[in-house]
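Have your viewer open as you read.

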Amino acid sequence: MRLDGGDAALGHLCYCSNIHPGESWDQTRAALGRYLPAVKARVSPDAPLGVGLRLSALAAQQLERQADLLLEFRQFLTRHGLYVFTVNGFPYGRFHGAGVKQQVYQPDWRRTERLEYSNRLAVLLARLMPPELPWGSVSTVPGAFAADARADPDSTRAILDNLLHHVAFLQRLHMESGRCIRLALEPEPACLLETCADAVAFFEDRLLSPLAMEQLARLCRCPPRHAETLLRRHLGLCLDCCHAAVEFEDPDDSLDRLEAAGLDVVKLQLSAGLRLPAVGPEHRAQLQDFAEDSYLHQVVQRGADGLRRFDDLPAALDRLDEAAGAEWRIHFHVPLWTRELGAMAGTGDFVAAVLARHRRRPVSDHLEVETYSWHVLPEAYRDAELADAIARELNWVKERLR
């Protein structure tokens, strides 16, 4: 939905449909048909509701190859007062069920499959988004999982090459269709880009280097002085509030850093993680309830000796006795409104701080609630009805932007 801040437009708000299981287009379409009208009735009954679409590689191929499927979906959107403005292009394959873990990053930006998938999503979004929107966004993996990147001496070169080829593809798409699509790299704990500072360094030292600009100029057949304009137009960041809070980032400091570097927050993902101010052995049982086997739940520990990172919650639990008194932040998406979960708390205050800044000076034109973990959240903290839970989060955001 379009958010109106009185004197300023505050962008478009949606929830990300990666919350719904489904890898084929039939499965995805069935979930969207069930939930989107129900959520709209609860959140935006009298105005169009934005859609954050998640398409697996399989679903994207099916939509691309069968024109009737895309036409039917566009008719569905029109009929129900819905519109697509952003796509989650992070998980390429299966995203629900046991054992996803670090496979969610594969294929990463070292691989041509990631490039081809992202190109396909850009074309589909260009066909789906309303003509009056100036641009659409696709969020993606922050290069690669850090351990995979470290193990591959050619990783940086391959990631740069594929990203530059994608920017050139987006520029051609823009010239041919008139639709501007922007890719948003999403920093995440345990990845090549973990923080906003990492992202700034990657852009300044790698993507905007003279050699990269020369390569992009050749790919786009443009003067080298124009290459930086094209890269900044088509490539930016997806700032996930859960990820940033887990990394102990300060909202204003991080956003100031991005502004100073001229990096656009193409998409702002509104999500909250877990916080345990002073961890101890007495918390083991409750923490174990969140150590489920579908997703990575990275942990960042802050103690007297600084920050220590664990790729997953079970690995952190193995060192729990050594961590007594330290603060833990955990990458486990919990409802935005959550304040207490037993001894733990949600990081919704980080989201609220970002929204307060957004209200004063817009951070991004695309806002997406991304609490995908309802089905693995311990039952004591779930809402009974999923459509109600989704609507409650969207309304929580709206209230803080009034």
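A word on the ground rules. This is a predicted model, in which local features need pLDDT of at least 70, side-chain atom pairs count only at pLDDT 80 or more, and totals for chains, interfaces and linings use all residues. Residues are numbered from 1 along each chain as its sequence is written, and side-chain values use heavy atoms, with hydrogens and water left out.

**Helix H11**

Helix H11 spans residues 251-261; helices (H or I, at least four residues) and strands (E, at least two) are DSSP runs, numbered from the N terminus. Its buried residues are Pro 251, Ser 254, Leu 255, Leu 258 and Ala 261. Seen down the axis of H11, these buried residues fall within an arc of 130°, so they line one face of the helix; the arc is that of the directions from the helix axis to the C-beta atoms. On the face turned away from the buried side sit the exposed residues Asp 253 and Ala 260. Here buried means under 20% relative accessible area, exposed over 50%, and partly exposed in between (1.4 Å probe, protein chains only).

The cover over the buried residues of H11 includes helices H7 (196-207), H9 (224-234) and H14 (348-360), along with strands E7 (235-240) and E8 (265-270). Contact here means heavy atoms within 4.5 Å. After H11 comes Gly 262, with a positive phi near 70°.

| Residue | Phi | Relative accessible area |
|---|---|---|
| Lys 101 | about 40° | 15% (buried) |
| Arg 221 | near 55° | 81% (exposed) |

Lys 101 is in the loop between E4 and H4, and Pro 107 lies in the loop between E4 (82-88) and H4 (112-128). A cis peptide bond joins Gln 106 to Pro 107, with omega about -15°. Arg 221 belongs to the loop between H8 (210-220) and H9.

**Nonpolar cores**

The largest nonpolar core has 141 residues, and Leu 270 and Trp 328 have the most contacts inside it. Apart from it lies another core of five residues, among them Trp 135, Cys 180, Cys 238 and Val 266. Such a core is a set of buried Ala, Val, Leu, Ile, Met, Phe, Trp, Tyr and Cys residues joined through side-chain atoms within 4.5 Å.
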